[in-house]
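Welcome! Let's get to know this molecule through a handful of questions and answers.

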Amino acid sequence: QVQLVESGGGLVQPGESLRLSCAASGIIFSIYTMSWFRQAPGKQRELVATITRSTDTNYADSVKGRFTISRDNAKNTVFLQMNSLKPEDTADYYCYANLRLGGAVHDYWGQGTQVTVSS
């Protein structure tokens, strides 16, 4: 049974930081591409950051220079360090695991963690 469990969300003021974690189980974590998505109320889910199994990273323009994605394969965990948070970063943040193998896509979602940035 595959599980992706996010943690670390909360309420912070603009300019502050949060670190999200996503602990994976039931998959060979090290070979999966891991991503963070977010969905604000009334908006579509959007890709925030991705890290491949070779640790190449990619970020949405809106978070470049502020957010950092990383992974610890020994702990089956992916992180999202969020600095200089803005009110527009308020959203539910979701962890996503993706693997393309033999023409098939194996992908899984976490349940989400809420981030609220407000003064």
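## A guided tour in questions

Y32 has its place in the loop between β3 and β4. Please keep in mind that this is a predicted model.

Q: Is Y32 buried or exposed?
A: The loop between β3 and β4 is where Y32 sits. A residue counts as buried under 20% relative accessible area. Y32 has a relative accessible area of 6%, so the word for Y32 is buried.

Q: What distance separates the C-alpha atoms of Y32 and L99?
A: Leaving aside neighbours within four places in sequence, Y32 has contacts that include A97, N98 and L99. Along the chain, Y32 and L99 are 67 residues apart, yet the separation of their C-alpha atoms is 5.1 Å.

Q: In what order do the four strands of the open sheet stand?
A: The edge strands, each pairing on one side only, are β1 (3-7) and β7 (67-72). β1 is joined by five bridges to β3 (residues 18-25), and these two run antiparallel. Antiparallel pairing describes the sheet, and its order is β1-β3-β8-β7.

Q: Which residue in β3 does S7 stand opposite?
A: β1 covers residues 3-7, and five bridges join β1 to β3. In β3, the residue opposite S7 is S21.

Q: Which residues does V78 contact, leaving aside its neighbours within four places in sequence?
A: V78 is one of the core residues that touch the most other members. With neighbours within four places in sequence left aside, the contacts of V78 are L20, S21, C22, F29, M34, W36, I51, I69, S70, R71 and C95.

Q: Is D89 buried or exposed?
A: D89 is found in the loop between β8 and β9. Leaving aside neighbours within four places in sequence, D89 is in contact with R38, R66, F67, S84, V115 and V117. Its relative accessible area is 0%, so D89 is buried.

Q: How many residues apart in sequence are the parts that the pair R38 and D89 ties together?
A: Side chains of opposite charge can pair when their charged atoms come close. R38 and D89 meet in a salt bridge through their side chains, at 2.9 Å from N to O, and both residues are buried. R38 lies in strand β4 and D89 in the loop between β8 and β9, so the pair ties together parts whose separation in sequence is 51 residues.

Q: How far apart are the closest N and O atoms in the salt bridge of D89 with R66?
A: R66 is in the loop between β6 (57-59) and β7, 23 residues from D89. D89 and R66 are buried. In their salt bridge, the closest N and O atoms are separated by 2.7 Å.

Q: Which residues are linked in a network of salt bridges?
A: The structure holds four salt bridges. Among them are the pairing of R38 with D89 and the pairing of D89 with R66. The network links R38, E46, R66 and D89.

Q: Is D61 buried or exposed?
A: The side chain of D61 meets that of K64 in a salt bridge of 3.1 Å, N to O. K64 counts as partly exposed because its relative accessibility is 48%. For D61 the relative accessibility is 64%, so D61 counts as exposed.

Q: Which residue's side chain does R45 join through a polar contact of 3.5 Å?
A: R45 is in the loop between β4 and β5 and counts as partly exposed because its relative accessibility is 33%. Not counting residues up to four places away in sequence, R45 touches F37, R38, Q39, Y94 and W109. The polar contact of 3.5 Å joins its side chain to that of Q39.

Note on methods. Residues are numbered from 1 along each chain as its sequence is written. This is a predicted model: local features need pLDDT of at least 70, side-chain atom pairs count only at pLDDT 80 or more; totals for chains, interfaces and linings use all residues. Side-chain values use heavy atoms; hydrogens and water are left out. Two strands pair if DSSP finds at least two bridges between them. A nonpolar core is a set of buried Ala, Val, Leu, Ile, Met, Phe, Trp, Tyr and Cys residues joined through side-chain atoms within 4.5 Å. Buried means under 20% relative accessible area, exposed over 50%, partly exposed in between (1.4 Å probe, protein chains only). Contact means heavy atoms within 4.5 Å. A polar contact is a pair of N or O atoms within 3.5 Å; within protein, one must be able to donate a hydrogen and the other to accept it, and residues adjacent in sequence count only if both atoms are side-chain atoms.
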